[in-house]
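Here are my notes for you to read with the model open beside them. Take the points one by one and find each residue as you go.

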Amino acid sequence: YKSLRGLSPAEADSQFLDICRKLEMYGIHQFEAVDKHGAAIHVAAVWNGIHIFRCGSKQNSFPWSKVYKLDFKGRHFYIIFRTNLEGPGKETIVLKFSKKQCCKLFWRRCVEYHAFFRLKRRDYAANRPGPVPSSAPSLTRGTAARSTVSGASSHYNP
């Protein structure tokens with residue numbers, strides 16, 4: 001930040017964001033999980049999809065356009081994705097988290113990122129009966145959050 005001295009706040013912010021944009025892992029919050037073979041991995045929800053890291057390097061990624069459904073039950077997190085965008089083929093990845101709360105937090109983050117980066121407001125409004133909402137679906141506490149957000153995602157066909 002010392003190199004940004006003398007610049008206006010807008011110019012300093014712009015240069016700082018340019019530096020952050022070039023850092024691959026900047027702003028990514030990774031969650032610890034275990035894959036089906038029992039190997040320790042890290043998963044993260046990012047702007048373009050879900051990334052899986054093993055030993056510090058990206059092993060796999062699932063773009064939002066291929067993600068069909070996200071679900072969790074207890075400590076198990078399910079990613080159901082399309083094998084190809086045109087065909088009906090689907091596969092499921094199961095990840096196991098150490099705690100139920102971590103699994104739910106990751107599911108919630110995935111739903112929020114998908115709604116923000118993928119779900120378009122007019123698409124959401126066109127597929128929902130009733131009045132057009134003033135904003136994207138919000139998360140609330142309890143089972144209402146699951147039904148509201150899951151309902152919004154299930155009506156959307158990318």
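1. Begin at Arg 82, whose side chain reaches the backbone oxygen of Ser 65 at 3.3 Å. Keep in mind throughout that this is a predicted model. Arg 82 belongs to strand β6, which covers residues 76-82. Is Arg 82 buried or exposed? Its relative accessibility is 12%, so Arg 82 counts as buried, because the cut-off for buried is under 20%.

2. Next, hop over to Ser 61, which you'll find in strand β4 (residues 57-63). Ser 61 has a relative accessible area of 33%, so it goes down as partly exposed. Which residues does Ser 61 touch, once you leave aside its neighbours within four places in sequence? Ile 50 and His 51 are in contact with it. As for Val 43, 18 residues separate it from Ser 61 in sequence, and the two are 9.4 Å apart in space, going from C-alpha to C-alpha.

3. Now for the rings. The count of aromatic pairs comes to eight. One of them is Tyr 113 with Phe 117, an edge-to-face pair with 5.7 Å from centre to centre and 65 degrees between the planes. Both residues sit in helix α2 (residues 100-117), and they are four residues apart, which is about one turn of the helix. Tyr 113 is partly exposed at a relative accessible area of 22%, and Phe 117 also counts as partly exposed, at 37% relative accessibility.

4. Stay with Phe 117 for a moment. Phe 116 and Phe 117 make an edge-to-face pair too, with 4.9 Å between the centres and 90 degrees between the planes. How is Phe 116 classed, buried or exposed? With a relative accessible area of 68%, Phe 116 is exposed, because anything over 50% gets that label.

5. Phe 31, Phe 77, Phe 97 and Phe 106 come together in one aromatic cluster. Then look at Tyr 68: Lys 90 lies over the face of this ring, at 4.0 Å from its centre.

6. On to the cysteines. How many disulfides does the structure hold? The answer is zero. Take Cys 102: the closest cysteine sulfur is the one in Cys 103, but at 8.6 Å it is too far for a bond, because a disulfide needs the two sulfur atoms within 2.5 Å. Cys 103 is in no disulfide either, with the sulfur of Cys 102 as its nearest, 8.6 Å away.

7. Last, a word on confidence. The chain has a mean pLDDT of 79, with 74% of its residues at 70 or more. Which element has the lowest mean pLDDT, and which the highest? Helix α4 (residues 143-155) has the lowest, 43, and strand β1 (residues 31-34) has the highest, 96. The pLDDT is below 50 over residues 135-158, a stretch with 32 contacts in the model beyond near neighbours in sequence. Where pLDDT is low, the predicted coordinates should not be read in detail.

Notes: Residues numbered from 1 in each chain as written. Predicted model: local features only at pLDDT ≥ 70, side-chain atom pairs only at ≥ 80, totals over all residues. Heavy atoms only, no water. Helix = DSSP H or I, 4+ residues; strand = E, 2+ residues; numbered from the N terminus. Buried < 20%, exposed > 50% of the residue type's maximum accessible area, 1.4 Å probe, protein only. Polar contact = N/O pair within 3.5 Å; in protein donor to acceptor, adjacent residues only side chain to side chain. Contact = heavy atoms within 4.5 Å. Phe/Tyr/Trp six-rings, centres within 6.5 Å; stacked < 30°, edge-to-face > 60°. Lys NZ or Arg CZ within 6 Å of the ring centre and 35° of its normal. pLDDT = per-residue confidence, 0-100.
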